[in-house]
Structures are given as structure tokens and as C-alpha cells.
Amino acid sequence: MSLPERVKKLNDMILGGFILQAFEKFYAENVMMQENATEPIIGKDAYRKKEKNFVTNIIEFRNAVVKNVLICDNTTVLEWELDYTHADWGCRNFTQIAVQPWNGD
């Protein structure tokens, strides 16, 4: 599967509500995630806990749209628009930029 096909599959799974399944399928064991000025979360086990907390605490999911995708070599940059209510964080409506280095499948 080409990188554009993998990115589309990942995004389709997320948009279809299969967030945790997409995480298991596409994220590497050495994944690193950092939001703004927070400390990075390193490793699939640690990040899995954050993803499960996110997904299980969504009260209302109103919308998610992939606005733009940039693919260059083995890196993708995605612009998402997200709109949901989370039990811990309240109402969220924002644009998110995700930079994703890819290493194979």
C-alpha cells in the first residue's frame, strides 16, 4: 500500500469512529506525541492510555473533517477541524495540525 493509500485508510478509520483500531494498526511502538507546550508522550503503551481516555470520555462527537493533507517523502502533515464535547475538557471546536513521520506500513 502506498503512503497516500495508508494515510487515507488511517483517516477513513478515524472518521468512521474506529480511532483505537486505527491507532493499533498504524502507530509504531516508538510513537511520540506532543501537544503544544506539554511534555511529550513516548511509546505506544503510554500513548494508548491517552487515546483510550480521549475516546471513552467523548460525550458528543459533532464533526471531524480533514481539510488538507501534505505528503512529502515519508512525512505527512494533516489539517483537521474537530468539534466535540469531552467529559474532562468540555466543548472543543478547533483546528489541529498533525505531523506524522511514517516508517513502512
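## Contact between H1 and H2

In this predicted model, helix H1 meets helix H2 through Arg 6, Lys 9, Leu 10, Met 13 and Ile 14. Their partners in H2 are Ile 19, Gln 21, Ala 22, Lys 25 and Phe 26. By type, the residues of this contact divide into six nonpolar, one polar and three charged.

## Geometry of the helix pair

The axes of H1 and H2 come within 7 Å and cross at roughly 155 degrees. Angles over 145 degrees count as roughly antiparallel, and H1 and H2 are therefore roughly antiparallel to each other. The crossing in which H1 passes H2 is left-handed.

## The largest pocket

The largest pocket of the model has a volume of about 1,300 Å³. Its lining is made up of 38 residues. Those that lie nearest the pocket centre are Tyr 27, Met 33, Tyr 47, Gln 96 and Ala 98.

## Make-up of the lining

Strand E5 provides the largest share of the lining of the largest pocket, with nine residues. Sorted by type, the lining residues comprise 25 nonpolar, eight polar and five charged.

Definitions and conventions. Residues are numbered from 1 along each chain as its sequence is written. This is a predicted model: local features need pLDDT of at least 70, side-chain atom pairs count only at pLDDT 80 or more; totals for chains, interfaces and linings use all residues. Side-chain values use heavy atoms; hydrogens and water are left out. On a 1 Å grid over the protein atoms alone, a cavity is a set of points where a 1.4 Å probe fits but cannot get out, and a pocket is an open set with protein on both sides within 12 Å along at least five of seven lines; lining residues have an atom within 4 Å of a point. Grid points are joined across faces, edges and corners, and a volume is the space filled by probe spheres set on the points. Helices (H or I, at least four residues) and strands (E, at least two) are DSSP runs, numbered from the N terminus. Ala, Val, Leu, Ile, Met, Phe, Trp, Tyr, Cys and Pro count as nonpolar, Asp, Glu, Lys and Arg as charged, and the others, Gly among them, as polar. Axes are lines fitted to C-alpha atoms, for helices over the stretch in contact, and angles run from 0 to 180 degrees between N-to-C directions. Angles under 35 degrees count as roughly parallel, over 145 as roughly antiparallel, 65 to 115 as roughly perpendicular and the rest as oblique. A crossing is left-handed if the near helix is turned anticlockwise from the far one by less than a right angle, and right-handed if clockwise. Contact means heavy atoms within 4.5 Å.
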